[in-house]
Amino acid sequence: NVELLTSREVDRLLRYSPGKATRLARRGLLPYITLPGGDIRFRQRDIEQIIEGDTSTAGAGADRGAGS
């Protein structure tokens, strides 16, 4: 079971200004998935890796589509 986070939650966890996680995701700088309605979510494990200093996934691009 994959835990998904909203952009607001990611902004708070990474101490970003409001909307920064979404902007970075759209530029391909944060990994994310797109839900069927077009909303984006972030995998908790990806964000935890960034917090822990493993940024190898940060520029990996985006998974497009649900269930990726």
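**Arginine 41.** I started with arginine 41, which is found in strand β3; I take helices (H or I, at least four residues) and strands (E, at least two) as DSSP runs, numbered from the N terminus. At 22% relative accessibility, arginine 41 counts as partly exposed, where buried means under 20% relative accessible area, exposed over 50%, and partly exposed in between (1.4 Å probe, protein chains only). I then listed what arginine 41 touches, leaving out residues up to four places away in sequence: Leu4, Leu5, Thr6, Tyr32, Ile33 and Leu35. Contact here means heavy atoms within 4.5 Å. I also noted that the C-alpha atoms of arginine 41 and proline 31 are separated by 9.1 Å, with the two residues 10 apart along the chain.

**Ground rules.** I am working with a predicted model, in which local features need pLDDT of at least 70 and side-chain atom pairs count only at pLDDT 80 or more, while totals for chains, interfaces and linings use all residues. Residues are numbered from 1 along each chain as its sequence is written, and side-chain values use heavy atoms, with hydrogens and water left out.

**The sheet.** Which residue of β2 and β3 faces which? I found isoleucine 33 opposite arginine 41 in β3. β2 and β3 run antiparallel and are joined by 2 bridges; two strands pair if DSSP finds at least two bridges between them. β1 and β3 also pair in the antiparallel sense, over 2 bridges, and leucine 5 has phenylalanine 42 of β3 as its bridge partner. Put together, 3 strands form an open, antiparallel sheet in the order β1-β3-β2. β1 and β2 (33–34) are the edge strands, each pairing on one side only. In the hairpin of β2 and β3, 5 residues lie between the strands, and glycine 38 among the hairpin residues takes a positive phi near 100 degrees.

**Layout of the chain.** I counted 3 helices and 3 strands, and from the N terminus on they run β-α-α-β-β-α. Buried residues make up 29% of the 68 residues in the chain. Among contacts between residues at least 6 apart in sequence, 53% join residues at least 24 apart.

**Helix α3.** Which residues of α3 (44–51) are buried? My list is Asp46, Ile47 and Ile50. They sit on the same side of α3 because they cover an arc of only 95 degrees around the axis, the arc being that of the directions from the helix axis to the C-beta atoms. What covers these buried residues includes β1 (4–5), α1 (7–13) and β3 (40–43). α3 lies across β1 and β3, running at about 60 degrees to β3; axes are lines fitted to C-alpha atoms, for helices over the stretch in contact, and angles run from 0 to 180 degrees between N-to-C directions. After α3 comes glycine 53, with a positive phi near 100 degrees.

**Arginine 15.** Next I went to the loop between α1 and α2 (20–26), the place of arginine 15. Phi of arginine 15 is near 60 degrees, a positive value in a residue other than glycine. Arginine 15 is exposed, with a relative accessible area of 78%.

**Rings and charges.** What sits over the ring of tyrosine 16? I found the charged end of lysine 20 there, 4.8 Å from the ring centre; the test asks for NZ of Lys or CZ of Arg within 6 Å of the ring centre and within 35 degrees of the ring normal.
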